[in-house]
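The following account leads through the architecture of one protein model.

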Amino acid sequence: MARIPDRQICLDLLGRMCLIRRFEEEAGRQYQRAKAGGFLHLAIGEEATIVGTTSVMRDDDFLIGTYRTHGHALARGTPADEVMAELFGKETGTSGGRGGSMHIFDAERRFMGGYGIVGGNLPLAAGLGLASQYKGEDSVTVCMFGDGASNTGNFGETMNLAALWELPVVFLVENNLYGMGTAIERHSAVTDLSRKAEGYGIEGERIDGMDVLEVRERVGAHLEEVREKGRPSLVEAFTYRYRGHSAADPEVYRDKSEVEEWQQKDPIETFIKACLDDGVLNDDDVESARREADETVEAAVKFADESPEPALESLYEELYVVSETMGWYAVDERSPEPHRGELGEDAPDVAKNLAESGAAHAAEEQERQSREGVRD
Ligand SMILES: Cc1ncc(C[n+]2csc(CCOP(=O)(O)OP(=O)(O)O)c2C)c(N)n1
Ligand SMILES: [Mg+2]
C-alpha cells in the first residue's frame, strides 16, 4: 500500500467508498422490490478503483463510464438522492427518470455518463479529449470501461486515433476478470490488458485496483503526464465485482470460493485496517463514516420514493428518435434475441420465463443471505 495521506484525505476516501458500498447494497434491495426498474449492475468490490481515480481528478476533468456507474457519479459528487431517483425512474433523477441505472449523467460535475453499449463510451471519450485539445484547455478525460470492452473494435479504433492525435485521455480498464459470465482467459488473447497499449505506441500500466491509495497514486501520475504531454495512456486496474454481472445473474461461471478469496482483499476493509494501524483514523471515524453512509442512502430512498413520476405527456420529450415509430424495444441480457416490447403480453414467453426465473433467483439469494445473516 502506498504512503497514507493526511487525515482529511483518508476521511474523504473512506466516506466515499462507504457511501458507494451502501448505495449499491440498497440499490440491489430496491431492485428486488421492483422500485428500481430496467437493468441493474452493481460495482460492489470495485470502490477503490472508482474513488482512487476520482480523488485525483480536477473539477474540470471529464469522467465517462459504462452501465456500472452509480458509484462513479457518487464519487464525482452527484447527490445520492438524484442517483437513487434515477434508478426509480423519477422526475428528480439525474436524467429526469428517462435513463435509469445505465444512464446516470451529470454534466455539471463533468460526469458524462452512463452507456449501455459495451465499448461505446470509448469514442465519446476521444471526442471529449478532442474538444479539450481544440479549445486549448488542459482538462483530461478519464474513460473507464471493462475488460470485455477492451476486445471491441471501438477500443482499437479509439486508442489508435487518440494516440495519433495526441488526445488527453486516460483510458482506464476496470479489469474485474469477467465480461458477463465469460472469464478473461476465455475472452481475451492477451490477459495482461495493460500490454494492449503497446500496439498504439502509448504507455500502459497494471495497478492494484483493490488498493485505493495505489490507484490514487498511479492514476494521479498518469493524469499529470497526460495533462502535461497531451498524449493518452492506458491503466489497467485489477479489481473484482462481488455481485453478479447484473441483478439476476445466477453466477454459475465462478466458484463461491473465488469470490470469498477476493473478499479477503476487500478494498474498504483493507483501507480501514491500514488507516487504523497507522493511527491516522480511529474506530470512531470509521463508525461515523459508516453511519453517515447509512443515513445518506436511507434519505436517498425516501427522496426517490416520494419524488413524482415524469408526467405521462412528457414521455417522448428529450428523446433522440430516428423514425416515426412510437414504440420501444427491450433486450434481455440473459437471452440474445431482441424482444419487441410495446405491450407486456406481446413479450415472447422465453423473455418472460427468463425474467421470472431471474427474479426468483434474486429473491432466493436475498432469503439465503438473511438466513445466513450475511451483512451485504
Ligand atoms: C456492443 C455490446 N455487446 C454486448 C453487450 C451485452 N453486454 C452487456 S455487459 C457485457 C459484458 C461486458 O464486460 P466488461 O466490459 O468486462 O464490463 P463489466 O460488466 O465486467 O463491468 C456484455 C457482453 C452490450 N451491452 N453491448
Ligand atoms: Mg469485466
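**Helix packing, sheet and ligand shell**

Helices α1 and α10 cross with a left-handed sense. The model in which this crossing is seen is a predicted one. Two packed helices are described by the angle between their axes and by the distance between those axes. For α1 and helix α10 (residues 267–278), the angle is about 155° and the axes are 10 Å apart. Since angles over 145 degrees count as roughly antiparallel, α1 and α10 are therefore roughly antiparallel to each other. On the α1 side, the contact is made by Cys10, Leu13, Leu14, Met17, Cys18 and Arg21. On the α10 side, Pro267, Ile268, Phe271, Ile272 and Cys275 take part. By class, the residues of this contact divide into 10 nonpolar, no polar and 1 charged.

The axes of α1 (residues 7–32) and helix α2 (residues 47–54) come within 10 Å and cross at roughly 135°. That angle makes α1 oblique to α2. The crossing of α1 and α2 is right-handed, whereas that of α1 and α10 is left-handed. From α1, the residues Leu13, Arg16, Met17, Ile20 and Arg21 meet Glu47, Ala48, Ile50 and Val51 of α2. The contact of α1 with α2 comprises 6 nonpolar, no polar and 3 charged residues. Leu13, Met17 and Arg21 of α1 are among the residues that meet α2, and they are also among those in contact with α10.

With helix α8 (residues 212–229), α2 packs at an angle of about 40°, the two axes being 8 Å apart. This arrangement makes α2 oblique to α8. The crossing of α2 and α8 is right-handed. Ala48, Thr49, Val51, Gly52 and Thr53 of α2 form the contact with Val212, Val215, Arg216 and Val219 of α8. The classes represented in the contact of α2 with α8 are 5 nonpolar, 3 polar and 1 charged. Ala48 and Val51 of α2 belong to this contact and are also among the residues that meet α1.

The strands may be considered next. Strands of a sheet pair through backbone hydrogen bonds, either parallel or antiparallel. In β7, Ser233 stands opposite Val170.

The peptide bond from Gly113 to Gly114 is cis, with omega near 20°.

Which residues come nearest to ligand 1? Of the 15 residues around the ligand, these are Val118, Gly146, Gly148, Ala149 and Gly179. By class, the shell around ligand 1 divides into 5 nonpolar, 7 polar and 3 charged residues.

Notes. Residues are numbered from 1 along each chain as its sequence is written. Chains are lettered from A and ligands numbered from 1 in the order in which they are written. This is a predicted model: local features need pLDDT of at least 70, side-chain atom pairs count only at pLDDT 80 or more; totals for chains, interfaces and linings use all residues. A residue is near a molecule or strand if its C-beta atom, placed from the backbone, lies within 6 Å of it. Ala, Val, Leu, Ile, Met, Phe, Trp, Tyr, Cys and Pro count as nonpolar, Asp, Glu, Lys and Arg as charged, and the others, Gly among them, as polar. Two strands pair if DSSP finds at least two bridges between them. Helices (H or I, at least four residues) and strands (E, at least two) are DSSP runs, numbered from the N terminus. Axes are lines fitted to C-alpha atoms, for helices over the stretch in contact, and angles run from 0 to 180 degrees between N-to-C directions. Angles under 35 degrees count as roughly parallel, over 145 as roughly antiparallel, 65 to 115 as roughly perpendicular and the rest as oblique. A crossing is left-handed if the near helix is turned anticlockwise from the far one by less than a right angle, and right-handed if clockwise. Two residues are in contact if their C-beta atoms, placed from the backbone, lie within 7 Å.
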